[in-house]
Amino acid sequence: MEEVREYGKKSQPKIRYSQFDAEDIRKELLERYGMEMPVECRLYDYGMNDIYRIKTKKETYFLRISLAGLHIKKDYEEEMHILNILIQNGIKAAAPVKMRGMPGRQEDYVWELHAPEGIRYAMLFTEAPNSPSDDKESSACNLGSMLAGIHNISDREKFQVSRPPIDMCQLVEKPLSNIRPFLADREQDFSFLKESAEKLAGYIKGKLPETAPVYGFCHGDVHSGNVFFAGDKPTLFDFDCMGYGWRSYDICVYAWNETFLDENYIEGSVWKKYLEGYESVRPLSAEEKETIPAFAALRQLWLMGLHADVMDRNAGCCWYQDDYFDSQIKMFRLWLDRCSLYRKNSGR
């Protein structure tokens, strides 16, 4: 029998994204971590996570709260474990903070929050020092050597990661699927992106195997927004994009990001120092170097796909319009122009 809805009552719309009150989060922190009063809690940023800045008399922390449905608790527990192993091996990173012991409860790093849209997960981290030196070359060199160190440590430790690999599904198929509805009236642009991405994927697969050390654990998001410097010494944070993938992809992300400010960044001395730092720890093959621009082009495609998801979740569509695609496709073309694959196919 069909359910009869009471007159005047409306069904509740589905909740896609909610945001927790900072004062209630502060109370949770006092209980879970035993912080000394006074404690200030403010919403700091939002995107693929909500970030809260926590200040006590002596320390500053950052609480990361995931969006619902991205990962399960096991994924975040693996991330915390990997972070602790890296820190124990000398990698400077924003450290996860363990909750204090509670009666009948095992100490942990990851806790659940029940939001209207589903379960979300929270993790507290120490603050990364941020007093950078003007010596950009030394800073880049040290960051490159740190990234290589992470790759070497992970190969030795054989990190377990349940999140999807950073493969061609994540770099090509998913982004194309995400952005296709928004390029319905720009079919030529979508066809260009699709054909170019598929060629890039074939080119990379023909150059690089899926075996260590060429392939393995990656941070997945090493750019200037996820690393702070104390002088020229980097501290890395935000491992939320981690996964198994090609190391050339992990390397390319820093150059890709800096190119938004300087289109010739990859030709400059700072990038050369970044690679020198990396190779002082783990030398790169010629094929790995050759594929860096190809991976940067796919990173650009990945970003457009990520933005489609964020726009739909919590950022709104006012910015995801023609101007956005004009600038982002231009950047994709810039990296494509740098690929040996593109030069061969175009006769350049």
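1. Let's start with Arg-247, which lies in helix α6 of this predicted model. Is Arg-247 buried or exposed? Its relative accessible area is 0%, and the cut-off for buried is under 20%, so Arg-247 counts as buried.

2. What does the side chain of Arg-247 meet in there? One partner is the side chain of Asp-155, with which Arg-247 makes a polar contact at 3.0 Å.

3. Tyr-278 leads us to helix α7, which spans residues 269-279. Here Tyr-278 is buried, along with Trp-271, Tyr-274, Leu-275 and Gly-277. These residues sit on the same side of α7, because they cover an arc of only 160° around the axis. The helices they pack against are α3 (136-157), α6 (247-258) and α9 (292-315).

4. Now have a look at how α3 and α7 meet. Two packed helices are described by the angle between their axes and the distance between the axes. For α3 and α7, the angle is about 35° and the axes are 6 Å apart. Their crossing is right-handed.

5. Which residues make this contact? From α3 they include Ala-140, Leu-143, Gly-144, Leu-147 and His-151, while those from α7 include Val-270, Lys-273, Tyr-274, Gly-277 and Tyr-278. The residues of the α3 contact with α7 divide into 8 nonpolar, 5 polar and 3 charged.

Note on methods:
Residues numbered from 1 in each chain as written. Predicted model: local features only at pLDDT ≥ 70, side-chain atom pairs only at ≥ 80, totals over all residues. Heavy atoms only, no water. Buried < 20%, exposed > 50% of the residue type's maximum accessible area, 1.4 Å probe, protein only. Helix = DSSP H or I, 4+ residues; strand = E, 2+ residues; numbered from the N terminus. Arc of directions from axis to C-beta. Contact = heavy atoms within 4.5 Å. Axes fitted to C-alpha atoms, helices over the stretch in contact; angles between N-to-C directions. Left-handed = near helix turned anticlockwise from the far one by under 90°. Nonpolar A, V, L, I, M, F, W, Y, C, P; charged D, E, K, R; others polar. Polar contact = N/O pair within 3.5 Å; in protein donor to acceptor, adjacent residues only side chain to side chain.
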